[in-house]
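Here is a short briefing on one protein chain. Please look over the model before reading the points.

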Amino acid sequence: MTEVVPDRHKVVVIGSGFGGLFGTKALRRSDVDVTMIAKTTHHLFQPLLYQVATGILSEGEIAPPTREVLASQENARVLLGEVTEVDLTAKTVTHHVLGRETVTPYDSLIVAAGAGQSYFGNDHFAEYAPGMKSIDDALELRGRIFGAFELAELADEDEEIDHLLTFVVVGAGPTGVEMAGQIAELAHRTLRKDFRRINTREARVVLLDAAPQVLPPFGEKLGGKAQRELEKLGIEVQLGAMVVDVDERGLEVQDKDGTRRRIDAVTKIWAAGVSASPLGRTLSEQTGAALDRAGRISVNPDLTLPGHPEVFVVGDMISLDRLPGVAQVAIQGAKYAAKEIDNRINGRSPQGPFEYFDKGSMAIISRFRAVAMVGKLRLTGVIAWFMWLAVHLVYITGFKNRVTALLHWFVSFIGRGRSERTTTEQQIFARAALNRLERGAADLVTPPGAFDAARAMIELTKKAEDERANAELSQAERRRAAEAERAEAGRTSS
Ligand SMILES: Cc1cc2nc3c(=O)[nH]c(=O)nc-3n(C[C@H](O)[C@H](O)[C@H](O)COP(=O)(O)OP(=O)(O)OC[C@H]3O[C@@H](n4cnc5c(N)ncnc54)[C@H](O)[C@@H]3O)c2cc1C
């Protein structure tokens, strides 16, 4: 394990995503000890989650172990744990794993805990329409998507087959577009020869959004182009359509004119809305920094918190100059924070405000179809698709992952196959089962009540020790007082 040098500057990094990993790496030559604390053991390349969900890539290819990625960085150590509290006065971070609590002190802190899915106050939708934020999400969706085709093959009634072969993707941003495009490819190309009773090409893929256009950040022209491409793939694009309810059998949608209608669909995928890490709230309560509607925290132009120049917040958690929630904002912000910490410990002057350099955006629609926006350049079709391929290949972490991803893309895009179609019951059901346990996985590793009993025992022992110490103290005080009295009496009598 990396030795923490007692008087060396301690940097704690929360999160192993784009901000956390790139921030830690940027400190590799600094005279500091870095402790990265994250609730997963991997670094997740979120932009390719949809390819895990649709059987193109394996989870390992987009989520290498952080410990392995940082193995040769001697000043970095990795701790598994979910951070629940940051104490800005004591300068400590409290984190938990399976009921074990650890408190880690810091001199500088980089908070890069990202964002989760937002159901706009309707969290109960999550059970029926999983989001796409984690490997668990992607594997569960893989199970649901391929499982729907399997169940349709067994069904007798046309109505039931239609129900099973209707896929609804909510949210027409890049993730929703990519997901809908891939499900359509599965149905129309990949799976078309694999089933005997059903015709997978009859599957209905619906992409809906309350907004009036597809891919709003790409502007009207590229958005319109993307919509036409999606429609050519047989995807029903429904805009101005707001989801007002979701249940196991389908969803209820309200159109712009106020009319409500129902779409029956077994598989629903939520790709709309983000909500920043709840750690933003605790930081806001301690500093007075404002939170926006998505829970993002306002930071100073140098990405620090008001009154706390030692605390940097980067990536999806921040609200600054309307910066988008994209990987480059997190990467560049984390590198900026690392540089600032290095400047300070070396007595160099500050860098000036953080400036984001926009390298462009792209979204893939299906194989050989994508849209890209780089500076003033607007690209579509096969050129944009190759650009997408090259950029993603560069940013996938690890040489072996790049090679295997390239191989899998070749198999899926040039050929018809998908090598990662395996699904298990655990992927589909175990997460829901764990959620029903009061303390999640911690309940599985400690017998019922044992964790609380152990904690109660520690508290009792500590209380008894305190009482004994107090009693010893007051005994010593009584002895000292009696001795003083005797000495006083002796002086009086003489
Ligand atoms: C499906 C999808 C597709 C995307 N596609 C693109 C794209 O094509 N291009 C693009 O630029 N961007 C894309 N994005 C956005 C991009 O992935 C994010 O902007 C980026 O990941 C933000 O980086 P971050 O470091 O702020 O957060 P993340 O990368 O989300 O990392 C957050 C980290 O914090 C950890 N964490 C969270 N809470 C805690 C806690 N309490 N304690 C400890 N650890 C914690 C998480 O486990 C994770 O390691 C996509 C996002 C998604 C979900």
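The points below cover the basis of the model, its sheet, a hairpin, a charged patch and the database annotations.

This is a predicted model: local features need pLDDT of at least 70, side-chain atom pairs count only at pLDDT 80 or more, and totals for chains, interfaces and linings use all residues. Residues are numbered from 1 along each chain as its sequence is written, and side-chain values use heavy atoms, without hydrogens or water.

- Six strands form an open sheet in the order 3-2-1-7-19-18, with mixed pairing.
- Strands are DSSP runs of E with at least two residues, and helices are runs of H or I with at least four, numbered from the N terminus.
- Two strands count as paired if DSSP finds at least two bridges between them.
- Strand 1 (residues 9-14) and strand 2 (residues 32-38) run parallel, joined by six bridges.
- Val-13 has Met-36 of strand 2 as its bridge partner.

**Hairpin**
- Strand 5 (residues 92-97) pairs with strand 6 (residues 100-105) in the antiparallel sense, over six bridges.
- Thr-92 has Pro-105 of strand 6 as its bridge partner.
- Two residues lie between the strands of this hairpin, where Leu-98 takes a positive phi near 45 degrees.

**Annotations**
- An unreviewed UniProt entry places "domain: FAD/NAD(P)-binding" at residues 10-333.
- Over residues 10-333 the chain is 30% helix and 29% strand, with end C-alpha atoms 19 Å apart.
- The UniProt annotation "transmembrane region", also from an unreviewed entry, covers residues 377-396.
- Residues 377-396 are 75% helix and 20% strand, and their end C-alpha atoms are 24 Å apart.
- UniProt annotations may be inferred rather than shown by experiment.

**Helix 6**
- Asp-162 lies in helix 6 (residues 158-164).

**Charged patch**
- Glu-157, Asp-158, Glu-159, Glu-160, Asp-162 and Glu-202 gather in a surface patch of negative charge.
- Patch residues have over 30% relative accessible area and no salt bridge, and like charges are joined within 9 Å.
- Accessible areas come from the Shrake-Rupley method with a 1.4 Å probe.
- A salt bridge is a side-chain nitrogen of Lys or Arg within 4 Å of a carboxyl oxygen of Asp or Glu.

Key:
Patches are made of residues with over 30% relative accessible area and no salt bridge: like charges are joined within 9 Å, nonpolar side chains (Val, Leu, Ile, Met, Phe, Trp, Tyr) within 5 Å. Lys and Arg count as positive and Asp and Glu as negative; His and the chain ends are not counted. The place of a charge is taken as NZ of Lys, CZ of Arg, CG of Asp or CD of Glu.
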